[in-house]
Amino acid sequence: MAIEEKYIEVKGLKWFYREAGPINQTEQPPVLLLHGLPAQSYTWTEVMPDLAERGYRAIAPDWIGSGLSAKPDARDFPYTPDAFIDALGSFIAALEIEKFHLVIQGFLASVGVQYALRHPEQIARLAILNAPVTTDARLPWPIQQLGIPLVGEMMTQDPLLVDRTLEKGSGFAISDKDLDLYRRPFLNSSAAGRALFTTVRRLQLKTAMAEIEAGFSSWQHPTLIIWGQADPWLDFSQAQNLAKSIANSQLVPLEGVGHYPQEHWSQKVSDALLPFLRRQEV
């Protein structure tokens, strides 16, 4: 199954995204997959073919400031949650997507949950993998330090930050082939580091988590929570509490899996995600 690499310019911002078309056309809504920090849409490339084989159009963008998408100066794009939410809405509209399944993982991808809560009419189903979604969530030190003035500005210019962060969060080594791709934006331009530094500084995690927690109290959409129990940054109790707060939810714990389940355990992710998307509601 080939995954196409595409660009689209929306309101002056160039988005890079990967897309896998369904093998057999169905009436199913597309699946939008959002990555966290400091990953890229590449993180979903093992899951996307499984979705396509089951008849889903799978779309995974690089966030503005990440991967191969635009990295504008902070004077032109503020890198706040609201800025990302507005940009995501414009991206979705440009692809002429009216309703979709949303899959998110990691820090920053929680912005996608804020989008879902603000636009519930567009969401068919929601799947959450190891992401900050409760007020108990804290920004882990390996990411937090990337936003410290001077220190963070230096660290985000070092491509090896990718190795340190991804491997610390997952608990496993990332292949040289994958690391080469993840490092590339930082090797190509200093803009990648500046965008990451500004994104971390302006995550507004406390405010965002309060909005998400309040929004989930009345959330009725089918929701799947896939959680690596060995995540060093987000405790499994957060997933359990989230599942209790959502009326129509399902929790799938993954033993021995860290912060980035799709990186090393993509088959487990697909095995949980596909039945959830295909399940008929009573």
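Predicted model: local features only at pLDDT ≥ 70, side-chain atom pairs only at ≥ 80, totals over all residues.
**Entry 1: cavities**

Two cavities of 30 Å³ or more turned up.

I took the largest cavity to begin with. About 80 Å³ of space lies inside the largest cavity. I then listed its lining. Leu-37, Pro-38, Ala-39 and Gln-40 are among the lining residues. Gly-65, Ser-66 and Gly-67 also belong to this lining. So do Pro-185, Phe-186, Ala-192 and Leu-196. I checked which elements contribute. α7 (176-188) and α8 (190-201) each supply at least two residues of this lining. I sorted the lining of the largest cavity by class and got seven nonpolar, four polar and no charged residues.

**Entry 2: the second cavity**

The second largest cavity has a volume of about 40 Å³. I find Leu-108, Ser-110, Val-111, Gln-114, Leu-203, Leu-205 and Ala-208 in its lining. Two or more of the lining residues come from α3 (110-118), and likewise from α9 (205-216). Which element gives the most to this lining? It is α3, with three residues.

**Entry 3: α2 against α3**

I next looked at how α3 packs on α2 (residues 81-94). The two axes come within 9 Å and cross at roughly 65°. α2 and α3 are therefore roughly perpendicular to each other. Their crossing is right-handed.

I listed the contact from both sides. α2 brings Pro-81, Asp-82, Phe-84, Ile-85, Leu-88, Gly-89 and Ile-92. α3 answers with Val-111, Gly-112, Gln-114, Tyr-115 and Arg-118. I note that Val-111 and Gln-114 of α3 touch α2 and also line the second largest cavity. By class, the contact of α2 with α3 has seven nonpolar, three polar and two charged residues.

**Entry 4: α6 against α7**

I then turned to α6 (residues 161-170) and α7. These helices pack at an angle of about 135°, with their axes 9 Å apart. That makes α6 oblique to α7. How is the crossing of α6 and α7 handed, left or right? It is right-handed.

From α6 I noted Leu-161, Val-162, Asp-163, Leu-166 and Glu-167. They meet Leu-179, Tyr-182, Arg-183 and Phe-186 of α7. By class, the contact of α6 with α7 has six nonpolar, no polar and three charged residues.

Definitions and conventions
Residues numbered from 1 in each chain as written. Heavy atoms only, no water. 1 Å grid on protein atoms, 1.4 Å probe; cavity = no way out; pocket = protein on both sides within 12 Å on 5 of 7 lines; lining within 4 Å. Points joined across faces, edges and corners; volume = space filled by probe spheres on them. Helix = DSSP H or I, 4+ residues; strand = E, 2+ residues; numbered from the N terminus. Nonpolar A, V, L, I, M, F, W, Y, C, P; charged D, E, K, R; others polar. Axes fitted to C-alpha atoms, helices over the stretch in contact; angles between N-to-C directions. Parallel < 35°, antiparallel > 145°, perpendicular 65-115°, else oblique. Left-handed = near helix turned anticlockwise from the far one by under 90°. Contact = heavy atoms within 4.5 Å.
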